[in-house]
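Student: Please take me through this structure. I would like to know what stands behind the terms used for it.

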Amino acid sequence: MQNGSKLFAIILGVLSIASPGKAQQRAVSLLLINGKVFTADARGTIVQAVAIDGERIVAVGSTAEITRRFRAARTIDLQGKLATPGFNDAHIHFLSGGLSLLRVDLNGARTLDEAKRRIARRVAELPPGAWVLGRGWDHTLWGGRWPTRQDLDEVAPNNPVLLQRVDGHVSWANTLALRWAGVSRQTPDPPGGEILRDAQGEPTGILKETAAGLVARIVPEPSREEKMQALRRALEEAKRYGITSIQDNSGYETTKLYRELLRQDQLTVRVAEWQNFEDSVSELQRQRVEFASFGDDPRRLKLTALKGYVDGTLGSRTAAMLAPYADDPHNSGLPRRSPEELTRMVVERARAGFQIALHAIGDRANRMALEAFEAASKVSAGEQRRLRIEHAQVVAPSDFARFRDLGVIASMQPSHAISDKRWAQARLGEYRVLGAYAWHLMRSFKVRVPFGTDWPVEPINPYLGLYAAVTRQSPDGDPPGGWWPQERLSIQEAIRCYTAEAAYASFEENEKGVIGPGMLADLVVHSRDLLTIEPEEILRTETVMTIFGGRIIYQRQTAEQPASRR
Ligand SMILES: [Zn+2]
């Protein structure tokens, strides 16, 4: 690499001798100069300057070379700041995230009382009978006891309440919500779900996995206006964090809202939307045909994977494990369906030509997904379909090689590890924890590992993800040296996972994810040099500027922002 960059410098020197005069300079729309531009290519090339014309990058190189070859309507002096490709969040729930900004936000509520106070504030704004919705509570912060409907009745006696746990896999309802939904002691547990019950057999208000649907199905859908408002809020968040692409779990219907934003030229992220794996093949194909009829620019809005669920989560002990939980010896979690049915559905959809993305947390769920994908690879090449496992959180030692052999992508979210580590060891025990959140091991098997956040399960902030990937520590630095530190990545690798690897996962590695000629001009300028700062400073890094398709869509409002000149 040393020799390569020397050679590059020599070539640049030769070019400078043969450089054209002013008259032969090519006119472009935007130059970025005097920066430290980490291109995120496979060699980790760093350049100083980028020439952009319209929505594409036309050249990268030294400031001297780029300013000699190009003149631009606008030139931005980066003043030595680090620029990277825009972040591509490879697993996000953008609409839910936006809605969470409009609802009761229980994220980070440190006690049950604090959660109740936040709920009471919302109740006070609503008329009796109106639904109180929200998410983000985490009972593991409150000592681990499941909260109850009575806890909610105290603050919301006259409003139905339904609140999702931070992982989205467990819901907490009050008595009125259960009554309206007709959930009583006589209601059986639905397949793939559980209604927690007290000693008298009465529902406690905690509804796991599919049981949440018993109440959720009677909650009125948010209005179209509310959803548009949520997406606009989410787009503001994304640009503030340098996110220029998302791979999104909002579902097919949401593409209609994205399309409206696109037509209004307000869609400032590129959206790869996922369809619902549970839908029939004929319905999925109908959606594809309908989607194609709108003729959207696929670089702005496209359909990629079918998103399905194999299991639940570790936090609520619904992840499907090969052996029981270390701290719950009669429980191995809940697969959503049998291996046979999963394989049948995967093969049928792969044969119809779909990319498939399966949520799998536990080692049993990951194995079920791999087995289904192996069967699918016999009907269509895995590489060609780029089959994905979402989260791949706990993987049995012998299964890492199967990801590689089948060409399965491990779509991971580093911030999950630093949130979950408080209890993951207790859930998993000393042995299984070695295959948990094992992104370094996964990459050492040459598996593609795109990074995302799972927002609103975790904050949308990609700097938190980078920090988690390189430190394996919580934001307060715990534990010193990192949790299973052999799984730490270099910052360069972590940035690549958030950019180039993520682009591969949506079949767009020739369009974006790397700063190079011909690529879409999606870049982010950072307030600090992520490549050299101490890891704890990653958390204090901010996006200074977000460039999307050659347009500046965000600039941080401080004195520090890069100077712009003609
Ligand atoms: Zn998710």
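Tutor: What follows is a set of questions about terms, each answered from a value and a definition.

Tutor: This is a predicted model, in which local features need pLDDT of at least 70 and side-chain atom pairs count only at pLDDT 80 or more, while totals for chains, interfaces and linings use all residues. Residues are numbered from 1 along each chain as its sequence is written, and side-chain values use heavy atoms, with hydrogens and water left out.

Student: Why is Ser100 called buried?

Tutor: Buried means under 20% relative accessible area, exposed over 50%, and partly exposed in between (1.4 Å probe, protein chains only). Ser100 has 16% relative accessibility, so Ser100 counts as buried. Ser100 sits in helix H3 (residues 94-102); helices (H or I, at least four residues) and strands (E, at least two) are DSSP runs, numbered from the N terminus.

Student: Which residues does Ser100 contact, leaving aside its neighbours within four places in sequence?

Tutor: They are Asp105, Arg135 and Pro456, where contact means heavy atoms within 4.5 Å.

Student: What makes Ser415 buried?

Tutor: The relative accessible area of Ser415 is 2%, and therefore Ser415 is buried. Ser415 belongs to helix H15 (residues 414-432). Neighbours within four places in sequence aside, Ser415 is in contact with Thr453, Glu458, Leu464 and Ala468. Between Ser415 and Asn461 the C-alpha to C-alpha distance is 9.5 Å, although they are 46 residues apart in sequence.

Student: Why is H11 called oblique to H12?

Tutor: Helix H11 (residues 339-351) and helix H12 (residues 363-377) pack at about 40°, with their axes 8 Å apart. That angle makes H11 oblique to H12: angles under 35 degrees count as roughly parallel, over 145 as roughly antiparallel, 65 to 115 as roughly perpendicular and the rest as oblique. Axes are lines fitted to C-alpha atoms, for helices over the stretch in contact, and angles run from 0 to 180 degrees between N-to-C directions.

Student: What makes His91, His93 and Asp454 donors of the zinc ion?

Tutor: Donors are N, O and S atoms within 2.8 Å of the metal (3.2 Å for Na, K and Ca); water is not among the atoms, so sites may look incomplete. His91 (NE2), His93 (NE2) and Asp454 (OD) lie 2.0 to 2.1 Å from the zinc ion. His91 is in strand E8 (residues 87-92) and Asp454 in the loop between helix H16 (439-444) and helix H17 (462-471), 363 residues apart. Both His91 and Asp454 are buried.
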